[in-house]
Amino acid sequence: MLNNFHITVRDLAARLDVAAEGDGSRVLAGIASLARARASEVAVVRSTKDAAAAQASGAGALIVPQDAAISGKPLIRVEDPKSALFRTLTIFHPPRRYPSDIHPTAQLGPGVMLGKEVFLGEHAVVRAGAVIGNRTAIEAGCFVGEGAVIGDDCRLHPGVTVYHAVKIGHRVVVHSGAVLGGDGFGYLQQNGQHCKIPHVGDVVIGDDVEIGANTTIDRAMLDSTIIERDVKIGNIVQISHDVMIGEHSIIVAQVGIAGGTTIGKHVVIAAQAVIIDHRTIGDHTKIGAQSGVTDNLPANTFVWGTPAQPTLHLKRQLVALRRLPSVLRTLARRGVLDDIGK
Amino acid sequence: MLNNFHITVRDLAARLDVAAEGDGSRVLAGIASLARARASEVAVVRSTKDAAAAQASGAGALIVPQDAAISGKPLIRVEDPKSALFRTLTIFHPPRRYPSDIHPTAQLGPGVMLGKEVFLGEHAVVRAGAVIGNRTAIEAGCFVGEGAVIGDDCRLHPGVTVYHAVKIGHRVVVHSGAVLGGDGFGYLQQNGQHCKIPHVGDVVIGDDVEIGANTTIDRAMLDSTIIERDVKIGNIVQISHDVMIGEHSIIVAQVGIAGGTTIGKHVVIAAQAVIIDHRTIGDHTKIGAQSGVTDNLPANTFVWGTPAQPTLHLKRQLVALRRLPSVLRTLARRGVLDDIGK
Amino acid sequence: MLNNFHITVRDLAARLDVAAEGDGSRVLAGIASLARARASEVAVVRSTKDAAAAQASGAGALIVPQDAAISGKPLIRVEDPKSALFRTLTIFHPPRRYPSDIHPTAQLGPGVMLGKEVFLGEHAVVRAGAVIGNRTAIEAGCFVGEGAVIGDDCRLHPGVTVYHAVKIGHRVVVHSGAVLGGDGFGYLQQNGQHCKIPHVGDVVIGDDVEIGANTTIDRAMLDSTIIERDVKIGNIVQISHDVMIGEHSIIVAQVGIAGGTTIGKHVVIAAQAVIIDHRTIGDHTKIGAQSGVTDNLPANTFVWGTPAQPTLHLKRQLVALRRLPSVLRTLARRGVLDDIGK
């Protein structure tokens with residue numbers, strides 16, 4: 001999306017708390033990759049590996065590491081190019097401000113409370129008694145159920161579903177297709193039928209949480225499924241009823257967390273890992289991709305595999321396993337094993 | 001969601017087929033957890049482990065196991081607290097009855113047949129020739145394709161997509177974002193291109209099925225993808241074309257079942273398991289989380305792992321594998337293996 | 001869905017470049033399976049295993065392999081029944097042509113450019129500056145963001161979300177619930193908080209791509225997430241920011257591809273495999289179901305497992321692992337291992 005923001009190389013350097021080298025008066029209108037940047041754009045050299053691409057880049061200016069030897073362009077030398085990239089992205093692309101607007105096709109139930117400068121997109125539905133905070137954007141086709149509460153400065157991308165009575169904090173971003181507050185998966189066997197256990201609890205999402213596209217978070221049976229503040233959740237993640245995720249944790253795409261499990265703070269769970277039900281994961285623990293966590297995990301551990309175990313142990317076992325076919329052949333040849341095949 | 005249902009402790013006990021102890025005239029307006037319950041609410045003590053929480057609870061009454069020693073509150077002693085919890089939840093939270101209502105923004109194609117007391121939410125779309133049964137609720141933003149048939153007392157939560165010609169039985173619940181009847185995934189290689197194989201079959205969903213949020217069930221090529229009655233499917237599950245799932249089976253979140261596979265009755269498939277195409281799984285078989293089923297499975301088996309094997313076998317192998325690094329070191333030390341590294 | 005197409009057995013055989021046997025004047029109105037076909041329908045016998053079903057079939061005509069011995073029905077003998085099935089499906093079920101129609105509930109932003117004969121379904125939203133090609137169908141409830149570009153002859157099934165500035169080629173099919181162009185998953189740690197890295201790149205989808213239901217494809221940070229032409233993607237797949245997938249590749253359901261990874265041409269990735277970030281996969285490589293790819297892979301390799309390795313190696317290790325418990329018992333019995341348990 002276009003924005004009309006322009007900044008000189010000198011001013012951009014100042015915003016990054018350094019001085020520019022070369023023509024500081026050059027005007028920049030955006031940031032792009034080394035390969036694509038044009039004369040009106042700045043690009044970032046992240047390491048010396050990028051030197052050739054940097055020299056060949058069409059960028060109008062470069063943000064470079066302290067020791068970069070690049071000539072012919074205005075340069076902004078920084079200690080930490082990755083951080084400078086982030087800051088420059090944010091300078092050119094601040095979070096979008098939505099206009100204050102209720103689209104005429106949006107449908108509001110009785111008793112809905114809307115804050116100031118709310119945006120409701122085309123065909124958005126907000127049911128009876130729901131509360132929408134100040135400057136929050138509910139995009140086209142979203143559904144906000146009865147009595148749900150959404151805080152200030154939130155953004156629900158198109159097509160998000162929020163079931164009744166879900167509580168969402170401030171500055172929460174939810175991507176398209178996410179479903180918050182669906183029924184927990186629980187049945188009681190009676191007379192050979194599965195009888196649905198009513199899930200009458202809710203979901204509580206803390207401040208600064210981001211939730212990926214098509215992710216599902218189920219409501220608790222009696223209490224709350226809780227996502228604490230600053231938790232970041234990727235796409236297509238399943239979080240079951242009565243789960244609790246501690247603040248600052250990172251849940252990568254396609255992870256599944258079963259019912260009643262408690263995740264600590266600053267935990268990282270990599271792609272497609274599963275944690276079974278009613279487990280407890282300690283703070284700062286890291287769980288590798290595709291792990292299957294079957295036990296409680298203490299704080300500060302690194303685990304991988306199914307069933308998950310300390311990553312170092314698993315790697316030693318995998319190295320040994322790769323040798324196993326030839327080891328068995330050797331043992332048989334030496335007569336140590338004569339019962340091959342048993 | 002509030003309901004205005006109230007019941008005395010005495011009457012609640014009677015509904016659970018037992019007698020109350022203590023002040024049976026106390027009025028209860030809801031059920032909550034031991035931690036959260038207030039004086040107007042009943043809570044359930046599931047086992048002696050909950051004794052301290054029970055004694056400290058603010059609940060107005062407690063449902064307790066026969067041998068519980070708790071004083072100072074009206075008690076309802078039961079044989080099976082879990083079952084009593086379920087029954088009490090259902091007493092306070094019976095399935096929601098939707099009003100009979102066609103929202104003015106709902107769009108109906110020609111020849112749609114609506115039963116009695118149908119609810120169509122905001123922006124719901126029902127295409128030509130579709131049939132909606134009595135008391136069925138099609139929530140906001142749902143899409144029901146041409147010629148689809150939905151039975152009585154069903155509930156499609158907001159944003160469900162039902163492609164053309166899909167058949168859904170009675171009392172079926174479908175959660176938000178589920179997609180029923182998308183094309184099967186099949187291509188024929190021709191001249192170096194993938195040519196899409198038309199999938200002209202359908203999907204048939206039996207009575208009392210529940211389908212989780214963002215789950216996808218593809219239509220068959222010529223025949224039907226079949227989900228038999230009382231099957232319960234979690235969130236984000238993929239069920240491919242021409243799959244058949246027998247009655248009373250449980251499919252947990254994020255499972256994938258490939259094309260043409262037949263699942264028996266009363267099968268349980270745990271989270272993120274995959275079953276490859278054209279396999280047959282016997283009745284009452286249980287498949288562990290993240291398993292990769294590559295072979296047919298007989299009835300009444302328990303399997304786990306990738307490739308899936310009897311759980312007991314896999315566990316023995318995993319125990320042996322954990323010893324393997326030290327076993328190889330011992331064998332090398334004793335000169336039995338001199339070719340370490342090969 | 002009904003169509004009113006009819007064809008004689010003789011003409012159908014001619015369309016398949018062969019001659020009919022028996023009553024070539026019989027009129028056929030559709031294709032069905034051997035089990036379900038009626039007198040007005042043709043069915044396909046794929047191999048001699050189907051002989052009994054073929055003889056019992058109610059089909060009005062059969063497409064059979066060259067050597068089939070079936071009597072009493074008009075036959076169409078072909079070299080390749082699978083290919084003939086595909087061609088016959090396509091004859092009876094050509095791709096649906098949508099009427100040229102903009103539904104009155106569809107919402108168009110300023111400056112939208114619509115090609116000829118565009119279909120916009122109920123409650124579809126097309127934002128400012130978006131471009132929709134000729135004969136493209138945007139079904140009910142779809143969202144097309146600001147400045148997105150969609151080519152000719154595309155079909156977006158109901159409820160697809162296309163974020164701003166996403167580019168889609170010609171003849172692309174996107175199934176319901178897919179989300180194209182959501183933000184990449186990337187945060188920078190600052191002062192103990194996760195700061196969202198703006199993702200200001202886009203997604204570029206080539207011609208003839210098909211994208212499954214509830215699949216998510218994230219936008220790049222600075223450049224483009226690229227899906228080249230004729231790539232086919234199943235349901236519930238996660239493709240992260242800055243991924244590149246080469247032409248003709250097949251990505252099966254529930255696969256996850258992490259950020260910055262490049263997939264070659266003609267690659268096949270089976271169900272629920274994960275490829276970690278910033279890896280490169282060579283052309284024509286095949287990755288087994290549930291694999292976890294942690295390294296770059298050369299062209300023309302077959303891998304399986306987590307971590308993925310050549311399938312043949314893994315299978316040998318799995319065979320050896322199954323023997324391991326009894327091998328350890330034998331070694332202990334013979335006194336070669338006395339430190340069992342260590």
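The model is predicted: local features need pLDDT of at least 70, side-chain atom pairs count only at pLDDT 80 or more, and totals for chains, interfaces and linings use all residues. Residues are numbered from 1 along each chain as its sequence is written, chains are lettered from A and ligands numbered from 1 in the order in which they are written, and side-chain values use heavy atoms, with hydrogens and water left out.

**How the copies are related**

Let us start with chain A and chain C. The copies use different surfaces, with 18% of the contact residues of chain A recurring in chain C.

**Two interfaces**

The table sets out the interfaces. Contact means heavy atoms within 4.5 Å, and buried area is the accessible area (1.4 Å probe) that two parts lose on being put together, summed over both.

| Interface | Residues in contact | Buried area | Share on carbon and sulfur |
|---|---|---|---|
| Chain A and chain C | 61 residues of chain A, 64 residues of chain C | about 5,100 Å² | 60% |
| Chain B and chain A | 61 residues of chain B, 64 residues of chain A | about 5,100 Å² | 60% |

A:Glu122 forms a salt bridge with C:Arg127, their closest N and O atoms lying 2.7 Å apart.

On the side of chain A that touches chain C, the elements giving two or more residues are helix H3 (81-92), strand S28 (232-233), strand S31 (250-251) and helix H4 (311-333) of chain A. Helices (H or I, at least four residues) and strands (E, at least two) are DSSP runs, numbered from the N terminus. H4(A) provides the largest share of this side, 7 residues. By class, this side of chain A has 27 nonpolar, 19 polar and 15 charged residues.

Turning to chain B and chain A, this interface has 4 salt bridges. One of them joins the side chains of B:Glu122 and A:Arg127 (2.7 Å, N to O). Between chain B and chain A, 31 residue pairs are in polar contact (both at pLDDT 80 or more).

**Two sheets in chain B**

Two strands pair if DSSP finds at least two bridges between them. In chain B, 5 strands form an open sheet with mixed pairing, in the order S2-S7-S6-S5-S4. Its edge strands are S2 (20-21) and S4 (30-31) of chain B, each pairing on one side only. S2(B) runs antiparallel to S7 (residues 75-78) of chain B, joined by 2 bridges. B:Ala20 has B:Ile76 in S7(B) as its bridge partner.

Another open sheet of chain B has 9 strands with parallel pairing, in the order S10-S13-S16-S19-S24-S27-S30-S33-S36. Strands S10 (113-114) and S36 (280-281) of chain B stand at the edges with a single partner strand each, so one side of each is left without a neighbour in the sheet. Within chain B, S19 (residues 167-168) and S24 (residues 202-205) run parallel and are joined by 2 bridges. B:Lys167 stands opposite B:Val204 in S24(B).

Definitions and conventions:
Nonpolar A, V, L, I, M, F, W, Y, C, P; charged D, E, K, R; others polar. Polar contact = N/O pair within 3.5 Å; in protein donor to acceptor, adjacent residues only side chain to side chain.
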